[in-house]
Amino acid sequence: MTATNEKAQVAELVDRARKAQLILAGYSQSQVDEVVIAAAWAIINPDNNERLSVLAVEETGLGNVKDKVIKNHRKTLGLLRDLQEAKTVGVIRKIPEKGLVEIGRPAGVVGVIVPSTNPIATPMNNTLNALKCGNAIILAPSPKGQPSCTRLLTLIHAELDRVGAPRDLVQQLPSPVSKALSAEMLKQVDLVVCTGSQNNVRAAYTSGTPAYGVGAGNVTVIIDETADLADAANKIKASKTFDNSTSCSSENSLIIVDEVYDAMMAQLGNVNAALLNADEKQQLQDAMWHEGHLNREVLAKPVKSVCGVAGLTRAGLAESDFLMVTETEIGADAPFCGEKMSLVLTVYRARDFNEAKQLASRVLEHQGKGHSLGIHTQDSSRPQELGLEMSVCRVIVNQPHCFATGGSFENGLPFSLSMGCGTWGGNITDENVHYKQYMNITRVVNTIPPCEVTAEDIFSDYKRKYQL
């Protein structure tokens, strides 16, 4: 396909999207909300969710069906809760004391890069946010995730038909999706949201279109001497093993303080984690990375498959829920310190909490700066201490990390599949990307009684202090 053809193909999609978006722009808030509910039913319907989850795992070979069903349901339901009372159409806020009236306006046509790790939950999340703000959306699925994305669109279109909304509000790039087609989409839409590899994020940022990209994950979790160790072990297992660790918010490294190291390792053994010896660790390392790249044969695969690829034959290993390796080094020569997106957890031992902080900071500097950090502790001052000192946008306290980071019914973060990492991670936002990022706000500015200050009001204390 020539560049001219790619440009024309994308232009046709964008033109159809713009026509549909103009219709949606005339809807009231209640009509827009009905469109959002209609689109969401395409996946909340249990039969649809089951079929989509099966298809996603069959196509991509990543994750497992049971957890994808849970993820699709809870992430969508949580987002609907967040969107339920949100105002996005017409006057959304009045601030009379400031003389300001805020009006919600659509961004236009949103282009979304979809990762293969979440071929259903991510496009649904983006679609609902986009529609809530009166936008049309074009999805660029990964090649392996395209069939399940196509099936999702078919189901969404049926629901849009039910409520009389234009099908072209939600479209995807034609098969086969290519880098050239995706790059052309990035140029022609009005707003880009990109979740996935850092190569994709860089492409989004350099496309010339306003873009929300997210940084790399590499979650590190500190276990201090006050932690409830059994509770921590259960939560770590639940998070680490969920959907075979497809989430960039799953724990990649634990840093355990010396005082409770042996007891915590015993608790991890109690939840069916298996610690590899030095020879087994080397075998696994040789199998997991080829020329610096993670082997897709271990990415989000069951432990049995990982053991098979690595040739790990010790009795019981293949029946464990996740594998562990100990590590002392951090950097390019110690690949286990980085993001693995597999059922392998790296364990560091720290003398005390201060050294644990230092190790966590070094891991973040290597990879994952800006994303998030976890801690299991009963010391109420330590989470805030981490928030003041560590280069992360989220400190997750006593929670299963992958469930908490993207929003949970048990914390106040917005439900999202895209976690902004701030300037630390090279991102424009430090928030969980949610509906507010999908709209413009026009401010009507009226006069108010003057609120003037004099130089004396501002500088009096300064002049008095320095005798000016």
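This is a predicted model: local features need pLDDT of at least 70, side-chain atom pairs count only at pLDDT 80 or more; totals for chains, interfaces and linings use all residues.
Residues are numbered from 1 along each chain as its sequence is written, and side-chain values use heavy atoms, with hydrogens and water left out.

**View 1. Packing of helix H2 on helix H3.** The axes of H2 (residues 29-44) and H3 (residues 46-60) come within 5 Å and cross at roughly 60°. Helices (H or I, at least four residues) and strands (E, at least two) are DSSP runs, numbered from the N terminus; axes are lines fitted to C-alpha atoms, for helices over the stretch in contact, and angles run from 0 to 180 degrees between N-to-C directions. From H2, Trp41, Ala42, Ile43 and Ile44 meet Pro46, Asn48, Asn49 and Leu52 of H3, where contact means heavy atoms within 4.5 Å. The residues of this contact comprise six nonpolar, two polar and no charged (Ala, Val, Leu, Ile, Met, Phe, Trp, Tyr, Cys and Pro count as nonpolar, Asp, Glu, Lys and Arg as charged, and the others, Gly among them, as polar).

**View 2. The open sheet of seven strands.** The strand order is S10-S13-S14-S9-S8-S15-S16, with parallel pairing; two strands pair if DSSP finds at least two bridges between them. S10 and S16 (395-397) stand at the edges with a single partner strand each, so one side of each lacks a neighbour in the sheet. The twist from one strand to the next averages 25°. Helix H9 (residues 229-241) packs on the sheet and touches S8 (219-223), S9 (251-257), S13, S14 and S15 (373-376); the direction of H9 makes about 165° with that of S9.

**View 3. Strand S13 and its two partners.** Four of the five residues of S13 (residues 322-326) are buried (buried means under 20% relative accessible area, exposed over 50%, partly exposed in between; 1.4 Å probe, protein chains only). Three bridges join S13 to the parallel strand S10 (residues 273-275), and four join S13 to S14 (residues 344-350), also in parallel. Leu323 is the bridge partner of Ala274 and stands opposite Val344 in S14. Thr326 stands opposite Val347 in S14.

**View 4. Aromatic pairs.** The structure holds four aromatic pairs, defined for rings of Phe, Tyr and Trp (its six-membered ring) with centres within 6.5 Å; planes under 30 degrees apart count as stacked, over 60 as edge-to-face and the rest as tilted. One of them joins Trp289 and Phe336, which is edge-to-face because the ring centres lie 5.0 Å apart and the planes stand at 85°. Trp289 lies in strand S11 (residues 289-290) and Phe336 in the loop between S13 and S14, so the pair ties together parts that are 47 residues apart in sequence. Trp289 is buried at 14% relative accessibility, and Phe336 is buried at 0%. Phe409 and Phe415 form a tilted pair, 4.9 Å centre to centre with 50° between the planes; Phe409 is partly exposed at 36%, whereas Phe415 is buried at 3%.

**View 5. The open sheet of three strands.** The order is S1-S2-S17, with antiparallel pairing. S1 (90-95) and S17 (439-445) are the edge strands, each pairing on one side only. S2 (residues 100-106) and S17 pair over seven bridges, and Pro106 has Met439 of S17 as its bridge partner.
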